Amino acid sequence: MLQQSSLTMKNVAIAGEEIESQKSRGSNADRIFRIVTASFAGAVLVILLIMVYEMVMQSVPSITKFHWDFLTKSSWDAVQGEFGALPFLYGSVVSSALAILVATPLSVGTALFITEIAPKSVGNITASLIELLAAIPSVIYGLWGVLVMAPWLQKTVQPWLVDHFGSTPFFSGAPYGVSMMAGVLILAIMIVPIITSISREVLLAVPQSQREAAIALGATKWEMIRMAVLPYGRSGVFGGVILGLGRAIGETMAVTMVIGNTPQISLSLLAPAYTMPSVIANEFAEATSNLHSSALMEVGLLLLIVTLIINVFARLLIWKVTKGAKGGGV
Amino acid sequence: MLRKLSLLVAACLLTSAALASAETLINGAGATFPYPLYSKWFSEYAKIDPTSKFNYQSIGSGGGIKQITAQTVDFGASDKFLSDEELKAAPGKLLHIPTVMGAVVVTYNLPGIPKGLKLSSEDVANIFLGKITKWNDKRIVDDNPGINLPDKAIIVVHRSDGSGTTSIFTDYLNGVNAEWAQKVGKGASVKWPVGLGGKGNEGVAGQIKTTQYSLGYLELAYAFENKLPYATLKNKAGSWVEPSIQSTSAAAAAAIKHMPADYRISLVNQPAKEAYPIVGFTWLLVYQDQKDKAKGKKLVEFLSWSLHKGQKMAAPMLYAPLPESVVKMVDNTIKSIK
């Protein structure tokens, strides 16, 4: 035993000498490493800048022709060469926002069930099943949406909504199945795994001592979750929600298949709508006129700007929330 | 062991290099509609001439036109013909080579009426304009004696993605209805007055299958393969015509008298009795003056094969072959490629 430890000591000493002797070479390696990693990070930035530059340049014919009308007009007519992107902007923002509203409570609830309530084995199985959902390609969600979910909505859910809430503007009109509602639901299903797995990680990181302290003070399980667990994980859960929002606003395929692809602005959730990524995916391949592809490029630019605004807004929100939080951030 | 392995790798590299030098790689891009047939052609042709290798990317007609104009591919493919302006933008003389024909059917979902619906072209236009809204509209009922049409709203479904199918269909509506021509026009994507948009043939078919009382349009091949109901239409000559390979080919045969030398012609609404009204060519786009003469020669050989042997593979795959009269014309056009 003693012999062994003295041997280790000796090894450490040798290693130390080696490091000493390589110091000059080592600092050189450090510098190279720094330069290499910095150039990798820089490359990402450069690629982004090139992309933005290219998109702006390609959008120029559309920008110079329509100016602000592009954002305020709702007529999208490739034959006449009139392009107004307002319905797409509306469709993207509303569908993503509503999807977040549906998915957040579902996801946080699921994460709490996995981390706080379910026995460990059940929790693990649930968690891996949910992560499996995240691996399903979006076109599969889309096909399922158009072949299974939309007919179900049309035959069961939407007629009921029309009967009971048809007088409100939100559920007026004929039930088609494919609609803003179908788009929102498919998006919600798709982002639940993201928000759930991030929330789960965050909640798992809440120190056991927090929970024990709450229990020791006589808290029930619900009170412990509300007072000790959730405040601690708040900023992390928010981060998960923002990632989900990012996925929702950029999602193309699944939404395109169920939202009805009609460029109109309607308060009714039963009416078909259209989103920015959908119109690009739908029309870009066959856009033969210069103005048409330029207008689609400008929609892409708009999507980038909207995503950027949401991200900045989300950062500010997280920053504010973390400042107010009593527990530690993640 | 390692030495053996490296020898093997070297041998592989050498043989593949030798193969590559003997092969001519011909690149093409464009329309998605004829892609299944083209890929069948390429694989069959590889058995006849193993030295020609074709690489076709079905990125859509718009992309095909862009790429052949930019000369990044050896041939383009499109479901719509180029405008004079687009032809001028190309760096050389671009030829349109018609390969096969496609047709568009009007499909529907009416419980209890699996087939036999008849629609006049005027009615089809009015449905898509939103002027006929109910199935039991007098104008539809009059053409369908003996069929009990329901008092239900017609749910119109159209393609949301830009496509050659939409091009042909709107071209047809444009020809039969003045109001459509003035309000909407024709194109790969148009501003639809009514209806829901489905992505791709599968999107439209999916919505129609699952939505009762709906009506839409689909590529003929897609509707036939999936056994979807289709309407019999009244053509320009006033006769009722079912969509089929024969009635599609008949439209091109009917147009032979005024077939322009560059094949840039719309085939919808031909006046012949047996011609189905919603029909169009699909073209390959090839430069008359080939920069790489050896490659050009290979391309001509393939085109000529596709025009004769290849045509026989069209009908089993539900594409309408070119009628004999058109084949003769195209033969001469292909010979003009240098």
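Is Ile140(A) buried, partly exposed or exposed? In this predicted model, Ile140(A) has a relative accessible area of 43%. Ile140(A) is therefore partly exposed, since that class lies between the cut-offs of 20% and 50%.

Ile140(A) sits in helix α6 of chain A. Together with Val139(A), Leu143(A), Trp144(A), Leu147(A), Val148(A) and Ile189(A), Ile140(A) makes a nonpolar surface patch of about 550 Å². Helix α6 (residues 138-165) of chain A gives the most to this patch, with six residues.

## Helix α2 of chain B

Helix α2 (residues 35-48) of chain B has 14 residues, which should span 20 Å at 1.5 Å a residue. The C-alpha atoms at its ends are 20 Å apart, in agreement with that value.

Leu37(B), Tyr38(B), Trp41(B), Phe42(B) and Tyr45(B) are buried in α2(B). They cover an arc of only 140° around the axis, so they are on the same side of α2(B). The buried residues of α2(B) pack against several elements of chain B, including β4 (94-109) and α12 (293-308).

## Salt bridges

Over all chains, the structure holds 20 salt bridges. One of them joins Lys295(B) and Asp74(B), at 3.2 Å from N to O. This pair links distant parts of the chain, 221 residues apart: Lys295(B) is in helix α12 of chain B, and Asp74(B) is in the loop between α3 (61-69) and β3 of chain B. Asp74(B) is buried, at 18% relative accessible area.

Another salt bridge joins Lys297(B) and Glu301(B), whose closest N and O atoms are 3.3 Å apart. Because these two residues are four residues apart in helix α12 of chain B, about one helical turn separates Lys297(B) and Glu301(B). Lys297(B) is exposed, at 56%, whereas Glu301(B) is partly exposed, at 34%.

Methods: Residues are numbered from 1 along each chain as its sequence is written. Chains are lettered from A and ligands numbered from 1 in the order in which they are written. This is a predicted model: local features need pLDDT of at least 70, side-chain atom pairs count only at pLDDT 80 or more; totals for chains, interfaces and linings use all residues. Side-chain values use heavy atoms; hydrogens and water are left out. The expected span of a helix is 1.5 Å times one less than its number of residues. Buried means under 20% relative accessible area, exposed over 50%, partly exposed in between (1.4 Å probe, protein chains only). The arc is that of the directions from the helix axis to the C-beta atoms. Contact means heavy atoms within 4.5 Å. Patches are made of residues with over 30% relative accessible area and no salt bridge: like charges are joined within 9 Å, nonpolar side chains (Val, Leu, Ile, Met, Phe, Trp, Tyr) within 5 Å. Accessible areas come from the Shrake-Rupley method with a 1.4 Å probe; for residues, only the protein chains shown count as cover. A salt bridge is a side-chain nitrogen of Lys or Arg within 4 Å of a carboxyl oxygen of Asp or Glu.
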